[in-house]
Amino acid sequence: MKHYNINHRDETASKTILIIDDDQINRKILGKIFSDTYEIREAENGNVGMAQILSNRGRFCAILLDVIMPEMDGIEVLRHLKSMKMLDETPVFLITAEQQVDVVREAYELGVMDVLTKPVTSYVVRRRVESVIELYTTRKYLHNVVESQQAELLMQAEKIIQLNQGMIEALATAIEFRNEESGGHVNRIFTITKYMLENTEFGDGLNEDQIHNIALASIMHDVGKITIPDAILSKPGKLTAEEYEIMKTHTTQGVALLESISQLKDSDIYEYACDIARHHHERWNGKGYPDHLRGDEITPWSQVVSLADVYDALSCKRVYKAAFSRHKVLEMIWAGQCGVFNPRLLDSFFSVEEHLNEMYRHLAEAEGA
Amino acid sequence: MKGKEELEKLGVDVDEGLDRVMGDESLYEMMLGMFLEAVEESSIEPGEFDGADLDGLIRKVHALKGTTGNLSLTPLFEGYVEVLGLLRGGQPKEAKAAMEKLIPVQKEIVECIKQNQG
């Protein structure tokens with residue numbers, strides 16, 4: 001984090017004062033008071049003054065404004081500046097010969113910084129104007145500092161989010177490598193889950209952030225496989241009943257692992273991640289595991305991830321099997337050969353499968369490249 | 001500054017005028033020259049107080065009041081303040097009388113400035 005000095009003088013701050021007065025002598029006197037420190041610009045009436053202000057927006061550190069002038073008087077200039085919200089940027093001082101109460105009140109109501117009377121007293125004018133210029137300069141500097149710090153904090157927050165996401169992906173990918181897969185599986189599960197939630201009724205009621213969090217949580221569905229021995233996880237053939245029982249524990253072990261990461265508990269994805277890790281092998285008819293949930297006892301996102309997992313497992317080569325053709329994959333899912341899914345989920349899935357297949361083709365090409 | 005004492009004898013507060021321009025004598029002298037031009041360009045005749053263009057007259061008096069005030073030509077400044085107040089108060093006759101008293105004072109100060117200008 002940068003350190004900022006609030007006493008710092010901003011050397012880039014404007015050092016130009018605009019004097020708007022129809023009387024040349026007044027302009028000379030006011031100019032003389034500030035000419036040793038500031039650049040002076042002059043305008044002989046309100047029209048010329050407004051033109052200078054508009055063509056040099058942000059350039060003037062103060063405007064000294066006469067009241068009675070031909071073409072456009074000082075109050076009219078103030079009205080224009082107020083309507084353009086420029087009185088917050090640049091302090092305006094009304095220089096008036098007569099203390100007409102109505103004029104002074106209107107000027108203050110419009111937002112003039114101060115009213116100075118003519119004939120001016122040089123040191124009074126200088127002191128009052130310079131104090132305000134310094135105040136505005138400091139305020140502008142602090143405003144810039146706050147903006148810069150906010151941008152820095154946002155950038156850091158973004159980095160933390162990216163780091164968290166990167167670590168989650170790294171963890172999930174590391175498990176896949178143990179399983180002799182390339183890491184593509186978790187990417188595909190992420191993509192299918194997100195697409196189905198965004199484009200089917202299974203995402204109804206979920207906002208953009210929630211869908212992103214569920215998709216991110218989906219990549220940790222198999223995190224519990226880290227506890228499964230290599231001999232079982234990488235076994236090329238069919239598992240024995242005993243081995244299968246051990247394999248099934250990756251769901252509960254996954255939740256235990258996620259619960260042990262205390263930092264993850266504060267994350268928006270935690271609840272989704274635990275639910276998906278535990279229930280992505282549940283089935284609509286209650287014949288899944290580990291809790292034998294049935295029907296709508298299984299959350300919509302866990303249902304989506306379980307189907308995405310099956311679709312990807314069948315479509316790709318695994319250590320224990322070759323990849324099936326698209327036709328075969330769809331036939332097996334439809335026939336319930338990998339467990340029974342919610343009929344509405346199947347309808348939703350088949351309505352977007354064409355797109356998912358297209359996506360697979362692109363992902364395969366990208367991975368191949 | 002040349003002619004300072006003569007101006008002070010006529011009631012001009014030269015030090016205050018100089019202070020207003022941060023002690024810059026040449027600038028003050030230049031502005032005295034600008035005052036002479038202003039008096040010539042906007043000379044005010046007593047007859048104007050009887051005319052119809054009182055707004056135009058008020059503008060001229062207002063301008064001269066400002067100039068004399070800036071230069072601390074105090075007797076003139078005070079005189080123009082009075083004339084302007086009377087005009088704005090709808091008393092042109094009284095304003096004319098005040099102006100008639102002011103004209104010789106102004107003439108004296110104008111002559112003094114002219115004599116001391118290079």
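Mentor: Chain A has 15 helices and 5 strands; helices (H or I, at least four residues) and strands (E, at least two) are DSSP runs, numbered from the N terminus. This is a predicted model, in which local features need pLDDT of at least 70, side-chain atom pairs count only at pLDDT 80 or more, and totals for chains, interfaces and linings use all residues. Residues are numbered from 1 along each chain as its sequence is written, while chains are lettered from A and ligands numbered from 1 in the order in which they are written.

The 5 strands form an open sheet in chain A with the order 2-1-3-4-5 and parallel pairing, where two strands pair if DSSP finds at least two bridges between them. At the edges stand strand 2 (39-43) and strand 5 (114-117) of chain A, each with a single partner strand, so one side of each has no neighbour in the sheet. From one strand to the next the twist averages 20°, taken between axes that are lines fitted to C-alpha atoms, for helices over the stretch in contact, with angles running from 0 to 180 degrees between N-to-C directions.

Strand 3 (residues 60-66) of chain A has 7 of its 7 residues buried, so it is largely enclosed by the rest of the structure. A residue is buried if 20 or more other C-beta atoms lie within 10 Å of its own, exposed if 12 or fewer, and partly exposed in between, with C-beta atoms placed from the backbone. Of the 369 residues of chain A, 32% count as buried.

Strand 3 of chain A pairs with strand 1 (residues 16-20) of chain A in the parallel sense over 5 bridges, and A:I19 stands opposite A:L64 there. Strand 3 of chain A also pairs with strand 4 of chain A, again in the parallel sense, over 4 bridges. A:L64 stands opposite A:F93 in strand 4 of chain A.

Strand 3 of chain A, helix 3 (residues 74-83) of chain A and strand 4 of chain A make a right-handed β-α-β unit. A crossover is right-handed if, with the strands pointing away from the viewer, the path from the first strand over the helix to the second runs clockwise.
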